[in-house]
Amino acid sequence: MMIKSIVPIKAFHDNYIWCLRNGENAVVVDPGDANPVFDYLNKEKLNLVGILTTHHHPDHVGGNKTLLSKFQVPIYGPKKEKIPGITHRLEEGDQIFIKDINQNFSIIDIPGHTLGHIGYYNDKLLFCGDTLFSCGCGRLFEGTPKQMYQSLAKIAGLPDEIMIFCGHEYTEAN
């Protein structure tokens, strides 16, 4: 069974924690806060089966350890960054298959916002964290303008049909 839906779980002021659902299984992307994830999973009667992490900032990883206290699941994340609870360190060229939601992802390195930032993509989806937003891109906290430019060019080179899921709602601010 493929992903049936992708639902934004709002956190903090403007974060998105993306929930990929199929049946009663769910994977979350960048859970900076565990409480809204717990609330959503309980309300929808879902079983968490994995966590995808794009980069090390607390508003994207702050909920990892708390989620692990209830769900013993794999946490995928960038090889080049220190992330609490990470079990699978990934870099460009790696591929993962999440059996419980029947979903494949390829990994791309998209530094600029942070040095080890990664994205998860397939022929339909891209989870790009804080690299690309509607009407803008992420701030350069660790990377260089050249790295961000190259990362944005890499994203632009993906097929036009891909739906992009970013880590924040910055449309109005951008």
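Once neighbours within four places in sequence are set aside, Phe97 has Asn102, Gln103 and Asn104 as its contacts. The model is a predicted one, and in it Phe97 belongs to strand β7, which covers residues 95-98. The relative accessible area of Phe97 is 43%. Because buried requires under 20% and exposed requires over 50%, Phe97 falls in between and is partly exposed. From Phe97 to His55 the separation is 42 residues in sequence, and their C-alpha atoms lie 20 Å apart in space.

The largest nonpolar core holds 20 residues, and the members that touch the most others are Cys19, Val28, Leu41, Leu48, Ile51 and Leu67. Two or more residues of this core come from each of the strands β1 (5-11), β2 (15-22), β3 (25-29) and β4 (47-52), and from each of the helices α1 (34-44) and α3 (64-68). Helix α1 is the greatest contributor to this core, with five residues.

Ile51, one of the core members named above, can be examined in detail. With neighbours within four places in sequence left aside, Ile51 is in contact with Val27, Val28 and Pro31, with Asn64 and Leu67, and with the run Val73, Pro74, Ile75 and Tyr76. A separate core lies apart from the largest one; it has 19 residues, including Val49, Ile107, Tyr120 and Phe127.

What does the chain contain as a whole in terms of helices and strands? There are four helices and 13 strands. The radius of gyration is 15 Å, close to the 16 Å that the globule rule gives for 174 residues, so the chain is as compact as a globular protein of that length. Along the principal axes, the C-alpha atoms fill a box of roughly 45 × 30 × 30 Å.

Of its 174 residues, 52% count as buried. Among contacts with a separation of 6 or more, 52% are between residues 24 or more positions apart.

The accessible surface of the chain is about 8,500 Å², and carbon and sulfur atoms account for 51% of it.

Note on methods:
Residues numbered from 1 in each chain as written. Predicted model: local features only at pLDDT ≥ 70, side-chain atom pairs only at ≥ 80, totals over all residues. Heavy atoms only, no water. Rg over C-alpha atoms; globule rule 2.2 N^0.38 Å. Buried < 20%, exposed > 50% of the residue type's maximum accessible area, 1.4 Å probe, protein only. Contact = heavy atoms within 4.5 Å. Areas by Shrake-Rupley, 256 points an atom, 1.4 Å probe, with all protein chains shown as cover. Core = buried A, V, L, I, M, F, W, Y, C linked by side-chain atoms within 4.5 Å.
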